[in-house]
There are 2 protein chains.
Amino acid sequence: MGSAGSFIGNFEKPPVMEKLIVIKIGGNIIDDEIKLSSFLKNFSSIEGKKILVHGGGKLATKLAEKMEVKQTLVDGRRITDAETLRIVTMVYAGYINKNIVAQLQSLGNNAIGLSGADGNAILAHKRNHPTIDYGFAGDIDAVNSEFIADLLEKNMTIVFAPITHDNKGQLLNTNADTIAQEVAKALTVNYETTLIYSFEKAGVLLDVEDDNSLIKKLDWQYYQQLKPSPSGVGGKIFAGMIPKLDNAFTALKSGVKKVIIGKAEHLDSLIAGMAGTTIVNE
Amino acid sequence: MGSAGSFIGNFEKPPVMEKLIVIKIGGNIIDDEIKLSSFLKNFSSIEGKKILVHGGGKLATKLAEKMEVKQTLVDGRRITDAETLRIVTMVYAGYINKNIVAQLQSLGNNAIGLSGADGNAILAHKRNHPTIDYGFAGDIDAVNSEFIADLLEKNMTIVFAPITHDNKGQLLNTNADTIAQEVAKALTVNYETTLIYSFEKAGVLLDVEDDNSLIKKLDWQYYQQLKPSPSGVGGKIFAGMIPKLDNAFTALKSGVKKVIIGKAEHLDSLIAGMAGTTIVNE
């Protein structure tokens, strides 16, 4: 992997690791056929190893409405009952995942779509919460980096749907931001890994309505100042960003080289570090 | 692959090829949770290389009804319009495929679920018919045996959903019997391949209502006597069996070693050649 160098050279410095980019795309891009197609065109032109993790979008909610499956939300989180799990498995691992894979194939990327059950790629357990039953929501235990790296070494582009399994036959609905983070972390053994959270905003904003209020660089200390108190009071950062940012800092602490958050339309600039918010662990 | 033998031994006879079993399961088993689970238990205990191809079952039809998507049938074949394609992609490649994969994982099989788009496993084109527009129905052009064999060599169990792609970004609804046949055929390069069509009947029957009327061995000549005339007149074999049997004979002519048709519940006996109808090419 990476540069060859002389035998003596290898003693002087560690071998250069090949790069891997893990990109999460948010629901708003998935819901918009034209935006998604344009994103995939940009994504397909990225050279080297890459993994795409997609979320759900509104299609699952719409399907649930059509099927008259009631959606229960607790603290803004959807409760995954058995019917909802069936719907998200169909929409995420079926419709969205396979359409992205087919589009990437047409763009010359040899893509493969995976849920966490496929090749035991992502093992999880049903969320255990003292007071709330989240239903079939999965918290990740292990990422099969050997299997994933093996596909990457065959120059395949991996597309993850946010569905995992518990190795007891149960599929689990799992947060896509967390999947991206856990996959990026696990692959640091094999690659110099960059994690990109791409969505509809320019990055982390001081004013969620104003793309000009972009924070270009966010370190841990600054984050502590900006985020709400544990009880949820105050804070300058939009509450919806907090889990994403917690994921970002966890990734950096675990060896992910770079984390960038920004607009999906500016993918090239995000990768080049010319746009979005760069999360820095210092 | 297979037995080692001495250097001279290799000159005397060709090396023994490893065995591969390709099994298609029909809709009636998929629709029945208990039957499916029992089938998967039997399937998981098969030693060696294996591929499972599943059809659709009634779930897609039920979902279409619930979503008020009208199903058009021409000559008993469903026309795959855009809405129907969306539904079968969700149900086949999402719900059914991932649930089978998760169950096989729990049974100790390292399963991976694929559509034809994944890894460009099965390339097809939109059916071209002089008078009927079948919509997004796919006819197979190529099977990526290298990719499939590579997963098998890692001791993975492959589970195919009956969805393919055209490499131009279009997913296509594709007959699962044909997928099983084409995959079995393509893999004869790497393996000594057996193809098994398992469903709710004991095999090919002279009287479709009577499992005791089983034909144990069906060769090409006998098949010509039993099947209806090209105009559909006469014939002792149930019309629904004809495409399956045509697929079976095509497979044998293309190097598949054995084709057996029989009851899913008797999987072990089918593999052992102790049950079902053995199709013979002579």
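Which residues does A:Asn173 touch, not counting residues up to four places away in sequence? In this predicted model, where local features need pLDDT of at least 70, side-chain atom pairs count only at pLDDT 80 or more, and totals for chains, interfaces and linings use all residues, the residues touched by A:Asn173 are A:Thr80, A:Leu85, A:Val88, A:Tyr92, A:Phe136, A:Ala137, A:Gly138, A:Pro162 and A:Ile163. Residues are numbered from 1 along each chain as its sequence is written, chains are lettered from A and ligands numbered from 1 in the order in which they are written, and side-chain values use heavy atoms, with hydrogens and water left out. Contact is taken as heavy atoms within 4.5 Å. A:Asn173 belongs to strand E10 of chain A, residues 171–173; helices (H or I, at least four residues) and strands (E, at least two) are DSSP runs, numbered from the N terminus. With a relative accessible area of 15%, A:Asn173 is buried, where buried means under 20% relative accessible area, exposed over 50%, and partly exposed in between (1.4 Å probe, protein chains only).

A:Lys263 is found in strand E13 of chain A, residues 258–263, and is buried at a relative accessible area of 17%. Leaving out residues up to four places away in sequence, A:Lys263 touches A:Phe199, A:Glu200, A:Lys201, A:Ala202, A:Asp211 and A:Leu270.

Helix H7 of chain A (residues 176–186) is mostly covered, eight of its eleven residues being buried. Among the buried residues of H7(A) are A:Asp177, A:Gln181 and A:Val183. At the start of H7(A), a side-chain oxygen of A:Asn175 comes to within 2.9 Å of the backbone nitrogen of A:Asp177.

The largest nonpolar core contains 92 residues, and those with the most contacts inside it are A:Ile51, A:Phe160, A:Leu218, B:Ile51, B:Phe160 and B:Leu218. A nonpolar core is a set of buried Ala, Val, Leu, Ile, Met, Phe, Trp, Tyr and Cys residues joined through side-chain atoms within 4.5 Å. A second, separate core of 83 residues includes A:Ile23, A:Ala102, A:Leu267 and B:Leu85. The residues touched by A:Ile51, not counting those up to four places away in sequence, include A:Phe43, A:Ile148, A:Leu152, A:Phe160 and A:Val183.

Between the two chains, 37 residues of chain B are in contact with 37 residues of chain A. The area buried between chain B and chain A is about 3,000 Å², with carbon and sulfur atoms giving 67% of it; buried area is the accessible area (1.4 Å probe) that two parts lose on being put together, summed over both. In chain B, the residues losing the most area to chain A are B:Met90, B:Tyr95 and B:Lys98, together 18% of what that side buries.

Ten residue pairs between chain B and chain A are in polar contact, both at pLDDT 80 or more. A polar contact is a pair of N or O atoms within 3.5 Å; within protein, one must be able to donate a hydrogen and the other to accept it, and residues adjacent in sequence count only if both atoms are side-chain atoms. Helix H4 (59–66), helix H5 (82–106), strand E5 (111–114) and helix H6 (145–153) of chain B each supply at least two residues of the side that touches chain A. H5(B) gives the most to that side, with 14 residues.

One salt bridge joins A:Lys154 to B:Asp150, with the closest N and O atoms 3.1 Å apart. A:Asp150, A:Lys154, B:Asp150 and B:Lys154 are linked in a network of salt bridges.

In chain A, the side chains of A:Lys227 and A:Asp246 meet in a salt bridge (3.8 Å, N to O). A:Lys227 lies in the loop between helix H8 (220–226) and helix H9 (242–253) and A:Asp246 in helix H9, so the pair ties together parts of chain A that are 19 residues apart in sequence. A:Lys227 is partly exposed at 22% relative accessibility, as is A:Asp246 at 31%. In chain B, B:Lys49 and B:Glu18 form a salt bridge through their side chains (3.5 Å, N to O). B:Lys49 is buried at 9% relative accessibility, whereas B:Glu18 is partly exposed at 24%.

Key:
A salt bridge is a side-chain nitrogen of Lys or Arg within 4 Å of a carboxyl oxygen of Asp or Glu.
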